[in-house]
Amino acid sequence: MSASEKDLIVGGQAVIEGVMMRTPSAYAIAVRRPDGTITHTGASLPKWSDKYPVLRLPVLRGAAVLVQSMGLGIKALNYSAAEAFEAEEAREVKVALTPAVVEGEGDFAGITGGVPGLFPVPTQKRPEDELKRGSAAAFGSIAFALLFNVLLFVVAPLVLTNALFIGMGWADRQAQGAAVEPAQAAQAAPDAAATPAAAATPADAPWYSRAYGSVRGYLKPVKPNVSFNLIDGGIRMAIFILMISSFSLSKDIRRVFEYHGAEHKTVFNWEAGLPLSVENARIQPRQHPRCGTSFLMVVMLVSIVLFSVVAFSSFAYNIAVRIALIPVIAGISYEIIRLSAQKEGGLVFKLITRPGVWLQNITTKEPDDLQLEVAIVALKESLKLEPRPAASAMTPLS
């Protein structure tokens, strides 16, 4: 391996029965078909920043990378699903990939859930109504996924934290401020701890009216502060860990996690300067510090700060702010990641990545030799497409 090749920072993600590997300027996807053969595809990755120089600016470049990587990921998942699960007669239809315009300087594949590639475009003509149905189904799936994630990771933590603040009386103490005398705060606490809105609902009202009044009381909007957002972030992280732990019990998801482990081992094999082989990859660790999951803590901390600065005493406004600030959070997190990754052996990098490395005990599983073989094919194919010499100022996540 030459010095310039060794400087190449590679990354990737698991897909269905395969792996997508990405170099700074190219990508490749390798998938094992049901008959045991390995199919692969790849392309060079033109840069948005060449066409739109403004995307080279700090924060903006990170937000652009997030959006581009999500598009690349969704399309590659479609490709892997077509190759891994389609019936034999359906697989006889030739499939080609239309190259996506994706920043070749880094990605948030791990953070965004690992979704790669390009939409499979059949080279044989299909009926127009079939294509319309397929496009509508894909759009519907993406729209449902976005709505589901907003409800689960934005709305639910906000509502639960708000209810907790009301129920524990913390909202009243927050409103009184730090200048309130301890005796006054102690006196206010028992009143706040009482069931909210109890006085607003008559005791002889029907049970459903009392229940509705109680719920409305717990949902009285609280203006988020640092402590509010710390709890909100903790609930969000707990939901995420519970979700991926539950998913790992599924046989199909476990297979994806095994390919995730194969991807990491292959990246370590490359970074060690060893020839790419199953034997060399097998002995490598499966937890990689540059995996996107290692930076979830950065994203959470950045969101806590921003949500504390930009906060309103309204559910609707706070939900809208949390959604609107997602690109900003991604951009700021990217800059923190980029700076810390320049010194991977440094204390800051180790502190940032340690929680994610622990989390990879769930999101990666030990792969077998056949899975390692697929990951190696993907990396070799992406390296073939990488221009020489090549260097990247930014750091793709594995």
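Buried means under 20% relative accessible area, exposed means over 50%, and partly exposed lies in between, with a 1.4 Å probe and the protein chains only. The model is predicted: local features need pLDDT of at least 70 and side-chain atom pairs count only at pLDDT 80 or more, whereas totals for chains, interfaces and linings use all residues. Residues are numbered from 1 along each chain as its sequence is written, and side-chain values use heavy atoms, with hydrogens and water left out.

**View 1**
Val59 is found in the loop between α2 (48-51) and α3 (60-85); helices (H or I, at least four residues) and strands (E, at least two) are DSSP runs, numbered from the N terminus. With a relative accessibility of 28%, Val59 counts as partly exposed. The phi angle of Val59 is near 75°, a positive value in a residue other than glycine. Most residues other than glycine have a negative phi.

**View 1. The whole chain, for orientation.**
The chain has 17 helices and six strands. Of its 398 residues, 44% are buried. The accessible surface comes to about 19700 Å², and carbon and sulfur atoms hold 65% of that area; accessible areas come from the Shrake-Rupley method with a 1.4 Å probe, and for residues only the protein chains shown count as cover. Among contacts (heavy atoms within 4.5 Å) with a separation of 6 or more, 75% are between residues 24 or more positions apart.

**View 2. The largest nonpolar core.**
A nonpolar core is a set of buried Ala, Val, Leu, Ile, Met, Phe, Trp, Tyr and Cys residues joined through side-chain atoms within 4.5 Å. The largest one holds 19 residues, of which Val10, Val19, Met21, Trp270, Leu276, Leu379 and Leu383 touch the most other members. Two or more residues of this core come from each of β2 (18-23), α11 (251-271), α12 (278-282) and α17 (369-385). Helix α17 gives the largest share, seven residues. In soluble globular proteins, nonpolar side chains tend to be buried together.

**View 3. The surroundings of Met21.**
Leaving aside residues up to four places away in sequence, Met21 touches Gly11, Gly12, Ala26, Tyr27 and Ala28, among others. Further partners of Met21 include Glu263, Thr266 and Val267, as well as Ala375, Ala378, Leu379 and Ser382.

A salt bridge is a side-chain nitrogen of Lys or Arg within 4 Å of a carboxyl oxygen of Asp or Glu, and the structure holds 12 of them. Arg236 is joined to Asp232 in this way, with 2.3 Å between the closest N and O atoms. The two residues lie four residues apart in helix α10 (residues 226-247), about one turn of the helix. Both Arg236 and Asp232 are buried.

**View 4. A salt bridge between two loops.**
Arg286 and Glu366 meet through their side chains in a salt bridge (3.6 Å, N to O). Because Arg286 lies in the loop between α12 and α13 and Glu366 in the loop between α16 (347-363) and α17, the pair ties together parts that are 80 residues apart in sequence. Arg286 counts as buried at 18% relative accessibility, whereas Glu366 counts as partly exposed at 45%.

Lys384 pairs with Glu381 in a salt bridge whose closest N and O atoms are 3.1 Å apart. Both residues belong to helix α17 and are three residues apart, about one turn of the helix. Lys384 is exposed, at 61% relative accessibility, but Glu381 is buried, at 17%. Elsewhere, salt bridges that share partners join Glu17, Arg254, Arg255 and Glu258 into one network. Glu17 is placed in the loop between β1 (11-15) and β2 and is buried, with a relative accessible area of 19%. The phi angle of Glu17 is near 55°, a positive value in a residue other than glycine.

**View 5. A nonpolar surface patch around Val305.**
Val305, Val309, Val310, Phe312 and Tyr317 form a nonpolar patch on the surface, with about 480 Å² of accessible area together. Patches are made of residues with over 30% relative accessible area and no salt bridge, like charges being joined within 9 Å and nonpolar side chains (Val, Leu, Ile, Met, Phe, Trp, Tyr) within 5 Å. Val305 lies in helix α13 (residues 296-309) and is exposed, with 51% relative accessibility. Leu230, in helix α10, is partly exposed, with a relative accessible area of 49%. The C-alpha atoms of Leu230 and Val305 are 9.2 Å apart, although 75 residues separate them along the chain.
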